[in-house]
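Trainee: I would like to learn how to read aromatic rings in a protein model. Could you walk me through it?

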Amino acid sequence: MPSLDQAACETLVRREDPDRWLAALFADAQPRPHLVALYAFYYEVAKTADSVSQPVMGQIRLQWWREAVEEIYTGHARRHEAVQVLAETVRSHDIPRALLDAMIDAREHDLEETPFTDWVSLETYADATCGNLMWLAARILGAGPALEDAAREAGIAYALVGLLRAFGFHAARRRLMLPVAALHEIGLSQEQIFSGTADAKVTALFARTVERALDHLNRVRASRIPRKFLPALLPAALVPGYTKILTRPGFNPFRDVAELPVHRRQIGMLAAMARARV
C-alpha cells in the first residue's frame, strides 16, 4: 500500500510527465516507486521558471530545493510530498548528492532570457538536467558505471527534443532555450522568435537541433542495453517519433503541438524493450 506521499507523486508524474510515467511502468515493481520519486523531484525543480513572475523568485525557489536536498543528506526531510519520497530513495539507493545539486543548479539557466551562447553550453545544460536524471534512474535500477555514457547521451537527446517541443511556449515568455550562435549562423533574430514568426529560418534551426538530438541518440543505439536497466532510458525511444512531427512540412512551432498519441508511445517503448535498444 503506497503512502500518501507516494500516491501524490504518482499522480503528479502520471499527469505532468507521461513519458517518464509510462517508462517507469516497464521497470520491476520494487524500484518503480523510487523512479517515480526521482521524476517527481525533477518535475518540481524543472517547473521553477514557469511558476514565478520574476527571476529572483525563481532563485529563491531553487535555493529552497538546495536546502531541502541538504537536509535529506543530514537525516531530515521537509514536509513536502516530493521531498519525503526522495528521502526514501536516497536512503535506499546510492544517490550522490552532487548529481541532485547539479540538477538544481542547472535550472538557473531557465531564469535567463537567452542562457546559451553555443551548442556546447546547451548540451552541458541538457546533460546536467536530463542526462543526470537518466543516469540516476539507471542507478536506481542497478546499473553500473558502464551504462553512464549511454544514459547521459539518451538524456541529452530527449532534452533537446523537449526544448523544441516547448519552443513556442518559451518564445511567448521571451525565453530562447536554443544557442544564440545557431541563430546567427542561420540569420535568425531573437525578436523574430519572440514575435512568433515562423519561416524557413526557423525550420532550419529545428532541423539542426533535430540532427544533433539524433546524433546523441545514435550513440546510445550503437549498443544493446540490458532490459533490466532499459526503462531508465525509455523516454529516448520516443525521440524519433517526436522529431518526425517537429520536421514535417508546414509544422509551425508557434501554433502546432508536437505530441504522440498514447498508443504510439506504448508501441515505441515496447519495441525498444523487445530489441533491447532505445
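Trainee: Is Phe254 buried or exposed, or in between?

Mentor: Phe254 is partly exposed, with a relative accessible area of 24%; buried means under 20%, exposed over 50%, and partly exposed in between, with a 1.4 Å probe and protein chains only. This is a predicted model, where local features need pLDDT of at least 70 and side-chain atom pairs count only at pLDDT 80 or more, while totals for chains, interfaces and linings use all residues. Residues are numbered from 1 along each chain as its sequence is written, and side-chain values use heavy atoms, leaving out hydrogens and water.

Trainee: How is a pair of aromatic rings described?

Mentor: By the distance of the centres and the angle of the planes. Rings of Phe, Tyr and Trp (its six-membered ring) pair if their centres lie within 6.5 Å; planes under 30 degrees apart are stacked, over 60 edge-to-face, and the rest tilted. There are six aromatic pairs in the structure. In one of them, Phe116 and Tyr125 have ring centres 4.9 Å apart and planes at 50 degrees, so they are tilted. Phe116 is buried at 1% relative accessible area, and Tyr125 is buried at 5%.

Trainee: Which ring pairs with Phe254 at 5.6 Å between centres?

Mentor: That of Phe167, with the planes at 50 degrees, so this pair is tilted. Phe167 lies in helix α10 and Phe254 in the loop between α14 and α15, so the pair ties together parts 87 residues apart in sequence. Helices (H or I, at least four residues) are DSSP runs, numbered from the N terminus. Phe167 is buried, at 5%.

Trainee: Which residues do ring pairs link into a cluster?

Mentor: Phe167, Phe206, Phe251 and Phe254.

Technical notes: Helices (H or I, at least four residues) and strands (E, at least two) are DSSP runs, numbered from the N terminus.
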